Amino acid sequence: MNSNARLSLADLSLPRRRSTLIAMAERFGPILPTYGVVAVDGNWMCECGEASCKAGKHPRIKSWVTRATKDTRQIADWAMRWPLANWAIHCTEINVVDLDRKPGKPDGVITLACWEDALGVTTPDSVRVTTGTGIQIYFQPGGLKTTSNSDGTGIDVRAKGGYCMCPGSRHVNGNVYQIDIDEGLEPCPEWLIKSLTVPAPQEVGHEWSSAPSTKRNSIPYSKIGEGGAFWLDPAAKLNAWEVLRIEQLCQRKPKFAATWAMDRRNQFQFRGGRNSSSEYESAIAFYLRRDGWSAQQIMDAITVWRREHDLPAPKYHSRYRATIGKAVSLVTVNPMVVKEPKRAWKDEEPEAGLLDDLPGAPKRPREIVEEFGLDAAAVRTAMTRRAYGSRF
Ligand SMILES: [Zn+2]
């Protein structure tokens with residue numbers, strides 16, 4: 001059994017369970033009991049005992065579409081009859097956008113972040129529920145139809161004729177559905193309704209500059225849930241290779257140089273003339289991913305970049321998970337090739353061969369140049385070659 005000790009509806013006393021359910025129905029619409037999730041020999045299993053059911057999610061009653069109810073006596077009756085039940089909400093008075101995050105599957109949270117970025121919008125907080133495997137956003141009803149992961153977006157929609165699990169239900173993985181944000185039900189924004197009802201494109205552009213325009217309704221989405229885990233380290237530093245690589249990218253790619261310098265207001269303007277740090281961070285993530293950087297390296301680079309521009313250290317893991325996850329899942333790795341300068345070698349002996357014996361933490365190329373009195377170009381070449389693991 002996992003360590004999630006959070007109380008589920010089934011853990012409440014009958015009077016508390018009853019009043020909670022009645023309040024839930026009043027707020028979100030008609031509810032129905034489903035089979036519950038129970039602990040058997042230390043494992044969470046569906047109450048029904050079948051091996052292949054929609055565990056903890058299939059209705060206890062027939063004709064649930066018509067029988068789901070807000071009637072307090074009916075709810076009390078069901079609550080007494082099935083004390084271990086999970087509960088579901090028939091989505092007639094709410095529309096639910098269900099962002100799924102299962103390993104190896106399209107990640108709905110990243111898809112939504114892509115849409116927000118591509119369209120320059122944000123999703124209202126409304127009511128947000130943490131589910132067994134993701135997030136659900138409850139909106140006022142209207143404009144949405146029940147769909148399931150259309151076009152590999154990792155997003156399900158629940159409207160009339162569909163139901164979502166009620167907060168307080170237990171997922172078969174042990175997690176309890178739980179309201180995390182409650183700003184009151186807001187309408188689902190038009191752009192989201194459109195995004196959810198327009199088929200996603202088959203092909204996705206690989207470069208930031210070719211990110212699909214909003215006109216064609218071609219919106220990037222996450223292909224695979226391969227966001228890559230990373231830590232947020234406010235004191236992150238770049239190693240010598242990373243520092244060198246940034247320098248090289250700045251030298252050879254003016255657009256990257258302008259991005260790293262946080263100066264794209266005049267040349268290389270972002271879409272819509274936006275100029276906030278998040279545009280820069282996305283661009284950095286895309287460039288570095290293309291150059292073969294891992295999610296952790298990109299996060300560290302962004303942290304260093306923020307520090308260099310006197311911005312506060314990154315705080316919100318979720319925000320960067322979206323930005324970096326998107327880069328990792330959308331960008332094809334194609335590292336920039338740097339040819340070695342002619343003066344790098346003397347008498348078949350690399351001047352910078354000394355570097356292999358350097359102890360301890362990596363140093364910035366400049367420090368190495370000063371400390372060992374080496375030719376700067378040679379140091380760079382050596383560091384690059386070393387990082388790629390060739391020849392030395
Ligand atoms: Zn079952």
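This is a predicted model: local features need pLDDT of at least 70, side-chain atom pairs count only at pLDDT 80 or more; totals for chains, interfaces and linings use all residues.
Three strands form an open sheet in the order E1-E4-E9, and their pairing is antiparallel. Strand E1, which spans residues 31-34, and strand E9, which spans residues 163-165, lie at the edges, each pairing on one side only. From one strand to the next, the twist averages 35 degrees. Strand E4 covers residues 86-90 and is joined to E9 by three bridges, the two strands running antiparallel. Within this pairing, histidine 90 has tyrosine 163 of E9 as its bridge partner.

The helices come next. Helix H8 (residues 277-290) packs against helix H9 (residues 295-308) at an angle of about 140 degrees, and their axes are 10 Å apart. Because angles over 145 degrees are needed to count as roughly antiparallel, H8 and H9 are classed as oblique to each other. The crossing of H8 past H9 is right-handed. On the H8 side, the contact is made by Glu281, Ile284, Ala285, Leu288 and Arg289, while H9 contributes Gln297, Ile298, Ala301, Ile302 and Trp305. By residue class, the contact of H8 with H9 comprises seven nonpolar, one polar and two charged residues.

Two further residues of H9 are worth a visit. Methionine 299 belongs to helix H9. Its C-beta has 26 neighbours inside 10 Å, so methionine 299 counts as buried, the cut-off for that class being 20 or more. Leaving aside residues up to four places away in sequence, methionine 299 touches Phe230, Leu232, Tyr320 and Ile324. Methionine 299 can also be placed relative to histidine 317: the two are 18 residues apart in sequence, and their C-alpha atoms are 9.8 Å apart in space.

Valine 304 is likewise found in helix H9. For valine 304 the count is 17 C-beta neighbours inside 10 Å, and this residue is therefore partly exposed. With residues up to four places away in sequence again set aside, valine 304 touches Ala236, Lys237 and Leu238. Valine 304 and proline 234 are separated by 70 residues in sequence, yet the distance between them in space is 8.5 Å, C-alpha to C-alpha.

Taken together, helix H9 holds both the buried methionine 299 and the partly exposed valine 304, and it packs against H8 at an angle of about 140 degrees.

Technical notes:
Residues are numbered from 1 along each chain as its sequence is written. Two strands pair if DSSP finds at least two bridges between them. Helices (H or I, at least four residues) and strands (E, at least two) are DSSP runs, numbered from the N terminus. Axes are lines fitted to C-alpha atoms, for helices over the stretch in contact, and angles run from 0 to 180 degrees between N-to-C directions. Angles under 35 degrees count as roughly parallel, over 145 as roughly antiparallel, 65 to 115 as roughly perpendicular and the rest as oblique. A crossing is left-handed if the near helix is turned anticlockwise from the far one by less than a right angle, and right-handed if clockwise. Two residues are in contact if their C-beta atoms, placed from the backbone, lie within 7 Å. Ala, Val, Leu, Ile, Met, Phe, Trp, Tyr, Cys and Pro count as nonpolar, Asp, Glu, Lys and Arg as charged, and the others, Gly among them, as polar. A residue is buried if 20 or more other C-beta atoms lie within 10 Å of its own, exposed if 12 or fewer, and partly exposed in between; C-beta atoms are placed from the backbone.
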